[in-house]
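This report describes one protein chain, from its overall make-up to single residues. Please look at the sequence and the structure before reading on.

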Amino acid sequence: MPEFFTLQKISIMRCLLFVIISLSVIPFSCRTVKSTAKDSHSLAQLAEWMTGKFDSAEQAASDSNYYDISLHMSRIWPERKDGYWLYVEQAVTAAANRPYRQRIYQLTTDEEGKYLSKVFEVANPSRFINKNNDPGAFAAISPDSLIERSGCVVVMTGIGGTYKGSTGEKTCESNLRGAAYATSTVTIFPDRLESWDQGFDAAGNQVWGAENGGYIFIKRTNYGL
């Protein structure tokens, strides 16, 4: 009998020791996973996900409310240290040589760790048509020659496996098709991006842009950085 109680006591002590060790390890593991997830977002990753050739062909084929749009974003001025600069060209795929939007984005971060995409216009944009993956084509110009679209910066946050953000509610002025201001909401994924651009008049009525949701652009080619 004494031997039985001794063995039982040893067994109980081993169980208690296992529980104590387990409780000390589990919180540490959770903290490690949480930290890794938080650190997985970076400006370099955002820039990489945004660069490439995209189109909305699949969405257009399944929903007649959307057009097949081609979207190109490629890095320019890689030697600069003030963020990532991207040349952006957007056109109806059937009229690729006549883009309706040409912009330059500057990707940076703010003091709170949020990701900023500032929007700039370029003078005489037609000279850069189809220069999507030709960084040397922009050697003759510099950021000083660009026109910033004040109030149109897109502020993004890394959330899960995405980057999500938008412009201010009424901060981005626009006079396109009777609009007074425009809004843009984006979600960036590794293999696609979703963008919803809308224009509103002074009374808040939508005058251009998709009405039922954003465009879904699938990445076809990764230009890289």
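For sorting residues by type, Ala, Val, Leu, Ile, Met, Phe, Trp, Tyr, Cys and Pro count as nonpolar, Asp, Glu, Lys and Arg as charged, and the others, Gly among them, as polar. With that sorting, the lining of the largest pocket divides into 25 nonpolar, 13 polar and six charged residues.

The model is predicted: local features need pLDDT of at least 70, side-chain atom pairs count only at pLDDT 80 or more, and totals for chains, interfaces and linings use all residues. Residues are numbered from 1 along each chain as its sequence is written, and side-chain values use heavy atoms, with hydrogens and water left out.

**Overall make-up**

The protein has three helices and 13 strands. Helices (H or I, at least four residues) and strands (E, at least two) are DSSP runs, numbered from the N terminus. Of the 225 residues, 37% are buried. Here buried means under 20% relative accessible area, exposed means over 50%, and partly exposed lies in between (1.4 Å probe, protein chains only). A contact means heavy atoms within 4.5 Å. Among contacts with a separation of 6 or more, 50% are between residues 24 or more positions apart.

**The largest pocket**

Rolling a probe the size of a water molecule over the atoms shows where empty space is left. A pocket is found on a 1 Å grid over the protein atoms alone, as an open set of points where a 1.4 Å probe fits, with protein on both sides within 12 Å along at least five of seven lines; lining residues have an atom within 4 Å of a point. Grid points are joined across faces, edges and corners, and a volume is the space filled by probe spheres set on the points.

The largest pocket holds about 1,200 Å³ of space. Its lining has 44 residues, and those nearest the centre are Gln90, Tyr100, Arg101, Asp197 and Trp208. Strand S10 (residues 181-188) gives the largest share of this lining, with five residues.

A pair of aromatic rings is described by the distance of the centres and the angle of the planes. Rings of Phe, Tyr and Trp (its six-membered ring) pair if their centres lie within 6.5 Å; planes under 30 degrees apart count as stacked, over 60 as edge-to-face and the rest as tilted. The whole structure contains ten aromatic pairs. One of them joins tryptophan 49 and tyrosine 163 edge-to-face, with 5.3 Å centre to centre and 75° between the planes. Tryptophan 49 is in helix H2 (residues 43-50) and tyrosine 163 in strand S8 (residues 162-166), so this pair ties together parts that are 114 residues apart in sequence.

Tyrosine 115 belongs to strand S5. The C-alpha atoms of tyrosine 115 and leucine 43 are 7.1 Å apart, although 72 residues separate them along the chain. A polar atom of the tyrosine 115 side chain lies 3.4 Å from the backbone nitrogen of serine 42. This is a polar contact, meaning a pair of N or O atoms within 3.5 Å; within protein, one must be able to donate a hydrogen and the other to accept it, and residues adjacent in sequence count only if both atoms are side-chain atoms.

| Residue | Relative accessible area | Class |
|---|---|---|
| Tryptophan 49 | 13% | buried |
| Serine 70 | 9% | buried |
| Tyrosine 115 | 9% | buried |
| Serine 117 | 4% | buried |
| Tyrosine 163 | 0% | buried |
| Serine 40 | 36% | partly exposed |
| Asparagine 124 | 56% | exposed |
| Arginine 177 | 62% | exposed |

Serine 117 lies in strand S5 (residues 115-121). Beyond four places in sequence, its contacts include Tyr105, Cys152 and Met156. Serine 70 is in strand S2 (residues 69-76), and its side chain makes a polar contact of 2.7 Å with the side chain of threonine 93. Serine 40 sits in the loop between helix H1 (2-39) and H2. Leaving out residues up to four places away, serine 40 touches Gln45 and Tyr163.

**Positive phi values**

Most residues other than glycine have a negative phi, and most peptide bonds are trans. Asparagine 124 has a positive phi of about 50°, and lies in the loop between S5 and strand S6 (147-148). Arginine 177 has a positive phi near 50°, and is found in the loop between strand S9 (172-173) and S10.
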